[in-house]
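User: I am new to this structure and would like to go through it step by step. Please show it to me, and then I will ask about it.

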Amino acid sequence: MDTAVHRIGVFTSGGDAPGMNAAIRAVVRTSLHMGIECIGIRRGYHGLINGDFTRLDFESVSDISRRGGTILYSARSLEFKEEAGRNKALATCKLLGLDALVGIGGDGTFRGLLTLADSGISVIGIPGTIDNDIACSSYTVGYDTACNTALESIDRLRDTMKSHERCSVVEVMGHRAGHLAVAVGISCGATVVLVPEQPVDFQRDVITPIRQARLGGRTHFMVIVAEGVPGGGYGVAQQIKEYTALDTRVTVLGHVQRGGSPTARDRMVATNMGYHAVRLLAEGKTCRVVAMEGDNIIDYDITEALGMKKEIDEYSLSMLRDLTGVHG
Ligand code: ATP
């Protein structure tokens, strides 16, 4: 097959996300199908700087789609943000004869790819992050698995908080983005969801819904807090105790949300995105981010994608409030 590139380097970078392995597999198998060689770079940009690589053949990616984490490991590299680090990374690309890179990660990973594109290497980004915070894409690899993992824990918590008539404050991941918190909150029937994108009026957003639910006969309360909300789960719980004297317990779900076998949705999306990424490179395209729009896989110019903003879904938040009986 006549393709615009001949050797692709693939790596995972930033926070890991379930489904990254399915994306790696798709990149490798699609490349090989097209007669393109594929090199796995371990530990993201750190590995590119240090020449940490492995050749990926057909069998090396067998049976990895169902596994959480990333077989290529992931890392954040401060050194790559400096020119000297980037020059070392470029030297590795030259030494290995890489004419293209596929980076699976978040916005930071895509920014990094852009800096290398200036040197004539074709680059494609695949959105892999449990936060679903990539503006150009309605979906990011890992989000569905993380939602389901969080829900499973919350369902268990609800059993015990109901028995003891408690208020449960659950902190979910999301420093700057509350998409995970909103999806989890709707799915578990939370009384309150707090996200970093919106300032919290404690009386209006927390105490009033809890009080109304109590007046309606509810004796247990689920409060979902994204970790980026000021004070986090512990701060919110402290205030709930002060205002209501409810027996309030905090659970920080933490990194457990990043692990586990990816759901069918994450494996499917990751596979489609990996396939699309290599086809773009084969056609001679560069500086693209693979994205989802509805059920379709599309792609955007990286610079354009990085300039976009993803707002929190107001409709979902207002639906959540309507369903918990909070009006006005
Ligand atoms: P996550 O959504 O999990 O945070 P991410 O890809 O946004 O994923 P970052 O830590 O922001 O995670 O970025 C990953 C790596 O990309 C960084 O460690 C750094 O090496 C590189 N990177 C980030 N921003 C830049 C930049 N402006 N210029 C060059 N490289 C960058």
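**The ligand and its surroundings**

Analyst: Of the 16 residues around the ligand, those that come nearest are Gly15, Arg76, Ser77, Gly106 and Thr109, where a residue is near a molecule if one of its heavy atoms lies within 4 Å of it. This is a predicted model, in which local features need pLDDT of at least 70, side-chain atom pairs count only at pLDDT 80 or more, and totals for chains, interfaces and linings use all residues. Residues are numbered from 1 along each chain as its sequence is written, and side-chain values use heavy atoms, with hydrogens and water left out.

User: Which helix gives the largest share of the shell around the ligand?

Analyst: Helices are DSSP runs of H or I with at least four residues, strands are runs of E with at least two, and both are numbered from the N terminus. Six residues of the shell, its largest share, come from the helix that spans residues 107–117, which is α4.

User: How far from an oxygen atom of the ligand does a polar side-chain atom of Thr109 lie?

Analyst: A polar contact is a pair of N or O atoms within 3.5 Å; within protein, one must be able to donate a hydrogen and the other to accept it, and residues adjacent in sequence count only if both atoms are side-chain atoms. Gly106 places a backbone N or O atom 2.9 Å from an oxygen atom of the ligand, and for a backbone N or O atom of Gly108 the distance to an oxygen atom of the ligand is 2.9 Å. Thr109 uses a polar side-chain atom, and its distance from an oxygen atom of the ligand is 2.5 Å.

**Away from the ligand**

User: Is Gln257 buried or exposed?

Analyst: Gln257 belongs to the loop between β9 (248–252) and α9 (264–282). A polar atom of its side chain lies 3.0 Å from the backbone nitrogen of Met173, and a polar atom of the side chain of Gln257 is 2.7 Å from the backbone oxygen of Gly254. Buried means under 20% relative accessible area, exposed over 50% and partly exposed in between, with a 1.4 Å probe and protein chains only. Because its relative accessibility is 0%, Gln257 is buried.

User: What is the phi of Asn132 near?

Analyst: Asn132 sits in the loop between β5 (122–127) and α5 (143–164), and it counts as buried because its relative accessibility is 6%. Although Asn132 is a residue other than glycine, its phi is positive, near 50°.

User: What is the relative accessible area of Arg43?

Analyst: Arg43 lies in the loop between β2 (37–41) and α2 (44–50), and it has a positive phi of about 65° although it is not a glycine. Arg43 counts as partly exposed because its relative accessible area is 30%.
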